[in-house]
Amino acid sequence: MWNEVIELIPSWGVVFQGIMIFCVPFFLLRTISWAKAKEDRITTRAEKATGSKGGGVSNVGASGRTSILEGPEEQSSSEIVTKDRGTRITYSGHLKEDLQKFKELSADMHDVNVRELRIGSIKTRAALLYVNGLTDKDKMDQNILKPLMNAYQPFKNMDTIPEAKDLQDILIHEILLISEIELTEDTNLSLQKVLFGSVVLLVEGISGALVLSSPKGNTRGIQEPESEAVLRGSRSGFNETLSDNTAILRRHGQSTELAMISFTVGKRMQKELILTYIKDVANDELVEEVKRRIKTIDIDDVQESGYVEQLIEDNSYSPFQQIQNTERPDRVMAALLEGRVAILIDGTPFALIMPVTLGMLLQSPEDYNDRWMVGSLIRLLRFFAAAISLFAPALYISFLSFQPGLIPTKLAISIISSRQGVPFSVLIEALIMEISIEILREAGLRLPKPIGPAMGIVGGLIIGQAAVEAGIVSPILVIVVSVTAVSSFSMPMYSAGMTLRMLRFAAMFFAAIFGLYGVVLFFLLLSSHLIKLKSFGVPYLGLAVPNKTVNWKDFIFRMPLQFLTGRPTLLKPKDPLRKG
Amino acid sequence: MKKWRMWIVLSVLCSILSGCWSSTPIEDLDMQIGVALDSAEESGETGVANPEYGNHTKPAKIISTYQFTIPQGSGGALMKSAGNSIKNYYNMSETSDSIFEAIRQLSLRTRRTPIGHHLKVIVISEELARSNNLTKLIDFFTRDNDIRPSVMLFVTKGKAKDVFENTLPGQAPSFVLEGIFNNRDRNMGIWEPVTLAKVVGPLEGKRSFLLQNVIPYEKEIKLAGAGVIKGSTGKLVGFLDESELEGMVWLTGKGIGGVLKTYDPNNHNLITYEVKSMHSKIKANVNNGQISFNVKVKSTGRYAEVFAKESKKLHDGIVKKDKAVLQKHVVEMMQTTVKKMQKELHTEAAGFGTSLRNQHPAVWRSVKDNWDETFSEIPITYEVNLNIEEYGASDTSAE
Amino acid sequence: MSTEVKDRVTAIQATIILANYTIAAGVLTLPRTIVEASGSPDVWISIFLGGVISFLLGLIIVKLSQRFPGLTFFQYIGKIIGKPLGIVLSLGVIGYFLCIAGLEIRSVQEVTSFFLLEGTPPWAIVAAFMWIAFYLCRGGINAITSMCRLIVPITWTVFLGVCLLSFQVFDLNNLLPVLGNGLEPVWKGIRPSILTFTAGEAMLFVVAFMDKPQKAVKVIIAGTCISTIFYVLAVVATIGAFSIDGVVTRTWPFLDLVRSFEVNYLIFERFESLLLVIWIMQIFCTFCIAIYAGALGLSQVIHKNFKSCLLAMLPVVYIISRIPPNVNALFALGTGIGDCMLILFGLLPLPLLIITYFRRTVS
């Protein structure tokens, strides 16, 4: 009896293994918490969003606007910039002096032109400052030069030159045929405006500059979004001009509830950012949280919305995107109507939608435009494709090198036959093919458009065929790899597809270590991660693990529209019903 | 964000710490597809038995023959051109009293690891099955982790090894044996496929059952009746020939389809009936401790071939007459089978015991220990009801 | 953190937790253990009866927990029988959960080593599994609930599908005659069925997390029904294929059932891979719930951080899982744990409930 008990006492090896099982996560956690503490010191995202820090975001709507869109924000923020620089040059009202000041500032900018003139009948000296190419010259000639020089009517009854204030009023109210006019005393700011395409008018006697907006705006027309093509649905995509983009959203339908809040981001290169949501749908807390996070953005220049995405997302170490980017206005609109919020940034056609759930990444606007059965089936197909693109090579590895007993006999025989003479292990073989496919795909992206498809054919067909003939890889693997690649293209979101592509390699390594068991473990790990992941406080898998039927109706299956009466409950919209 | 690092380090650690412990490239595996078990003593070596074992019953020496597939080399082109002429299997034999030892001895002869995942059939020779309890013979196969319980069992009247030598070119005998059960709807000489999963229960519960008998036939293999395994001993006691097996199929109603051929007793004209479905029910009656059985067989089918003196319309009268002839034939077949079981083999393998157990559990408990002997004396009555539904495209009999 | 309970689960989620906790390692072995005990094909009746009994046991625990809304067993036990005794009892319950976790993970390791990964060292199999479970459990009860909900559609579909497919080797004769040997074998079969799938202990802490604790009775009814159905299906399908004589010879009967048929011309000719996959997932859930319960208990008893307790659990569970030297000892451990369960959760809650009742009325 006693001996039996002693036999049951685990050996030192087991105790050691137990200690290792404890130690590995323990030290990992210590390292992580240390790293996180360090990171918190660097980034500002975590909890501190103070006004002065960050991209110099000012209070929205604090001062009256003189321009339509761009105005006080830019002005006030530029004040901060100039303050930072410690110099502030203002106009005096003497044209020569002012011109001199301006020329000094723009000494190394030879593309700034000066056009001197006299105003109409009073012969007051004035000067127009503009940049070649940025300014719409026709517009300038017609709407600024011509009225100024021909200005006889407004000064008809005047003998003397009017007071600066009156002159300014006359100029703005009666002469200049420009809608956006702004008055500034700051030379720096006026230079900034000139460099952005406006015309600055300096007039003798007025101690300020009139910024006349006449940018030529080399903008792209509205084109079909390239990264998210649909067969049925709107062909319009966002372009690089913020005002166009907001206009597209406004034009989607008449609503007085569509809010557009403007922010300025970027410390050195300032850009406008618009936060948009539907006032009586979006949850206030969500909007406040997004605003708070936008204010924490602290970076020189926001080149693209991807910067914003990465700077405000919840978990930057997750392989999954927690903010959706899209070129499609209809997608943005649909998201807004579900109670989400969107961010538009000047200079990029990609809008950001947040919060996002995993299900959204597999949905396409077409699902709603087509009949519901087709839409549901196609959506189901996409889920299936996602699973394939994630697990197919891993399953291939685990079945071939670990569990040959789990594949059908006939298949096993043909696989064995096809792999005779393949010199590499299954993992290496799969890695070779997968990596070359990824290279091929990357190369295809970079190549000029006419060559791209040809490249695909060369790579896909010829290399694959040659590799099989040469006995480097087995034909079955070529099938697996191509099916995987095709599946990952069926993701309606390109970036979601990329995530899957990356995770596929992790799955392959798990499979190479533990076979099928490893694949299951990988699935569990992935699920654990997704379960714990949150996007702006909304569980990322939210719709995959729905609580209510209303969320099911539009998840894998897209029920007929008459049944889609509710908005996703996870977002806690103010108005939970779409209708009725 | 904690999680992410954990991931990375976890996976890196795993890959460093581990390696691929259990992975074996599939191309280095040798797929066993069939096993044939022969008695080593069969070939006149009986006298060689070692005397030092004394009176202990020494396990019999077994020649186990393993059938493997030959991979056809890479590339579909080669396979196509080679077509069906290449022999795509090979056999290896080893002698040992332990089947496991025999299979491991193969590793002395071949580089590639034999794996049992895709084992399809086990063929046991008559000699071996008659002298050994089947439980011992299949013990390794039911215990192994690779070999699935879906492996089919066969017995053969001759040497099991010969079965594996014979086949049409391009086909592996094991696969032929496995696939032949797809013909159960065409011929009633095929018993239901008996897998390992289906024999462990009867062997443990001492119930008798049948195993399909397969014999080498010219250059091929052929199913010829069935071997009867007696439950109490687990050994083969005898064979049912093809027509007796058919009788068994009728008794148990396990047929899916097939042929029923007989001659009109009056004019010796051929009547062939194609069985489309059959159903049998064994009713156990107990009267004052006297057990009797009544077998009710129902079947539907159609004329396949009908010969007659002169061409005749197959009207109701003829159909009725033919039906009676066919029914009589079925009864005769069943009687032959039962008689063989009762008088010759003293083994009941047709499910009478099961019926008794299900219908009269108490009676069954009293007789089950001596069931085979009890059964030999039990009277059995038969009722056959055939329904000739149609006569195909021709409604007259052939001249 | 250790004392306050933030997470909330709905009644449906609680049901799913309960069902997932119950459907575990036992599915593979119950057909054998129960037939060994009763020796008759009527064991499916025993399982139904076992379900009823386990429901009754669960009911007592639920009633007990409902008297202390928002508190877990480890928190309220001290109030009933005094602090020192309460701590002893809590430690017993914690130990029980740890043993369950150890048993589950050892079963995974045994089956995986035998059928999937012959040659991989056990510690590697176990360590990877435990680390992932640890990662999930750090997310609290909500993460576990979500995981259960996520895998439920997968596992249930595959399980039912496999049972349906096994119909081709099913033979009704193996289940007949019904009650041929009278009721005695049925009684004998009840014990192993209770040992395998009593789930009441999960309610010790789940009720505290429920947003509407008054629905806990419904939860235990639904949870028990689901698990009973699963076990009945597994047992009936297995006996139908192997007959009672065959079932007792199989170590993992349900797995052998799935291995004993092939469906040609489908993508999967063989289904044990699917079954093993869902079974590992299922055990993962059970394991997570068990170590979560253990860690929660520990953190509430010694008032320490939950996550540290969770981490401390890992080596203990591992060592427990390594204690049985062979498969027989593993099954013996299973039976032993079942017996402990009967004492801990079958006999104790009733007196506790009575004490509570009287204390309430007195005060």
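**Exercise 1. Polar links across the interface**

Task: In this predicted model, how many residue pairs are in polar contact across the interface of chain A and chain C, and what is the count of salt bridges between the two chains?

Solution. 
Step 1. Take the polar contacts. Across the interface of chain A and chain C, 7 residue pairs qualify, both residues at pLDDT 80 or more.
Step 2. Take the salt bridges. Between chain A and chain C the count is 0.

**Exercise 2. Which parts of chain A face chain C**

Task: Which elements of chain A give two or more residues to the side that touches chain C, and which one gives the most?

Solution. 
Step 1. List the elements. They are helix H2 (12-42), helix H15 (409-419) and helix H19 (494-532) of chain A.
Step 2. H19(A) gives the most, with 14 residues.
Step 3. Sort this side of chain A by residue class. It holds 28 nonpolar, 10 polar and 2 charged residues.

**Exercise 3. Extent of the interface**

Task: How many residues of chain A and of chain C are in contact, and what area do the two chains bury between them?

Solution. 
Step 1. Count residues on each side. Chain A brings 40 residues into contact with 45 residues of chain C.
Step 2. Turn to area. The size of an interface is often given as the accessible area lost when the parts come together.
Step 3. Read the value. Chain A and chain C bury about 3900 Å² between them, and 77% of it lies on carbon and sulfur atoms.
Step 4. Find the leading residues of chain A. A:Ile21, A:Tyr517 and A:Lys532 supply 18% of the area that chain A buries against chain C, more than any other three residues.

**Exercise 4. A cis peptide bond**

Task: What is the omega of the cis peptide bond from A:Met354 to A:Pro355, and where is A:Pro355 found?

Solution. 
Step 1. Read the angle. Omega is near -10° for the bond from A:Met354 to A:Pro355.
Step 2. Locate the proline. A:Pro355 sits in the loop between strand E10 (351-354) and helix H12 (358-361) of chain A.

Note on methods:
Residues numbered from 1 in each chain as written. Chains lettered and ligands numbered in written order. Predicted model: local features only at pLDDT ≥ 70, side-chain atom pairs only at ≥ 80, totals over all residues. Heavy atoms only, no water. Contact = heavy atoms within 4.5 Å. Buried area = accessible area lost by both parts, 1.4 Å probe. Salt bridge = Lys/Arg side-chain N within 4 Å of Asp/Glu carboxyl O. Polar contact = N/O pair within 3.5 Å; in protein donor to acceptor, adjacent residues only side chain to side chain. Helix = DSSP H or I, 4+ residues; strand = E, 2+ residues; numbered from the N terminus. Nonpolar A, V, L, I, M, F, W, Y, C, P; charged D, E, K, R; others polar.
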